[in-house]
Number of protein chains: 2
Amino acid sequence: MVHYQTRLDTTFAALSDVTRRGVLEQLGGSDASITDLAQRFDMTLTGMKKHVSVLEQAGLVTTEKIGRVRTCKLGPRQLEEAAAWIEQHRQLWSARFDALDEIVENLNRKEKGNARSRK
Amino acid sequence: MVHYQTRLDTTFAALSDVTRRGVLEQLGGSDASITDLAQRFDMTLTGMKKHVSVLEQAGLVTTEKIGRVRTCKLGPRQLEEAAAWIEQHRQLWSARFDALDEIVENLNRKEKGNARSRK
DNA sequence: TTGATAGTGAACCATATGGTTCACTGTAAA
DNA sequence: TTTACAGTGAACCATATGGTTCACTATCAA
């Protein structure tokens, strides 16, 4: 049905790494340079740069280089899509589980009824 | 703070593949065997088995083998965790963006004020 | 002008991922 | 009792991922 598969792919993939989720939390607090982040997560500049690139690719982060420092900020609200997907399916899920609950309950009730009528 | 990093890793990783998200949608409709799914997604049995294993590992799907067919159902509600993480950060996000909006607005207002006083 | 600093890119490495084929087991059906 | 079917596991393949080092560029500061 939907067509943003690839976007969702990259978004979820970006979120599937502890370090990157950490970076997002960090940036939730305040903007930071690559160096800041590399230090905080005990990693090479190059390594952190890669993570930031992945996040940027996924639109979760935006960066701007001023002079020689690149500042990273939380990006446009791409989490929305991921949230929407999950939410949609969570509801589906719940519906099914609720249905299941109901069936089970009905069975229990019948069970009781049968037990009573069998007496 | 939180400690379920690994769980989140596997959940998000599981969701980062189109086929697997497709399987989840499929199972949202009705339970299915590996063969069913393999056909529907034009893939080897072995390949689909792997996907199902990943989903099962992530707790998004449960399976039960009866006779020679393994039936896959939506699993316990592991989406909750992922949803919770995203929701939490979405709010953080929004807060920051709202703050930004406010700052911009204030700047605009000041701008106007200055313009007026400069006249 | 000379260092130090911040980031970048290429090359490399080990491991993971998404897929296949092939050989096998266990179950169902004729 | 054969034969067909559903699934499994091992081996393999190409590509992606998460990380490193090293050599380089650009910029800031003394």
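A residue is called buried when its relative accessible area is under 20%, exposed when that value is over 50%, and partly exposed in between, with a 1.4 Å probe and protein chains only. By that rule A:Cys72 is buried, at a relative accessible area of 1%, and B:Cys72 is likewise buried, at 0%. Over all chains the structure holds zero disulfides, a disulfide being a pair of cysteine sulfur atoms within 2.5 Å.

This is a predicted model, in which local features need pLDDT of at least 70 and side-chain atom pairs count only at pLDDT 80 or more, while totals for chains, interfaces and linings use all residues. Residues are numbered from 1 along each chain as its sequence is written, chains are lettered from A and ligands numbered from 1 in the order in which they are written, and side-chain values use heavy atoms, with hydrogens and water left out.

Turning to the interface, 34 residues from chain A and 34 residues from chain B take part in the contact, where contact means heavy atoms within 4.5 Å. The area buried between chain A and chain B is about 3,300 Å², and carbon and sulfur atoms give 63% of it; buried area here is the accessible area (1.4 Å probe) that two parts lose on being put together, summed over both.

Between chain A and chain B there are two salt bridges, each defined by a side-chain nitrogen of Lys or Arg within 4 Å of a carboxyl oxygen of Asp or Glu. One salt bridge between side chains joins A:Arg21 to B:Asp9, at 2.9 Å from N to O. On the side of chain A that touches chain B, α1 (5–15), α2 (18–29) and α5 (79–118) of chain A each supply at least two residues, helices being DSSP runs (H or I, at least four residues) numbered from the N terminus. The largest share of that side, 13 residues, comes from α5(A). The residues of the side of chain A that touches chain B divide into 18 nonpolar, six polar and ten charged, where Ala, Val, Leu, Ile, Met, Phe, Trp, Tyr, Cys and Pro count as nonpolar, Asp, Glu, Lys and Arg as charged, and the others, Gly among them, as polar.

A backbone feature remains to be described in each chain. A:Asp42 lies in the loop between α3 (34–40) and α4 (45–57) of chain A, and its phi is near 50°, a positive value in a residue other than glycine. With 70% relative accessibility, A:Asp42 counts as exposed. In chain B, B:Asp42 is placed in the loop between α3 (34–40) and α4 (45–57), has a positive phi near 50°, and counts as exposed at 72% relative accessibility.
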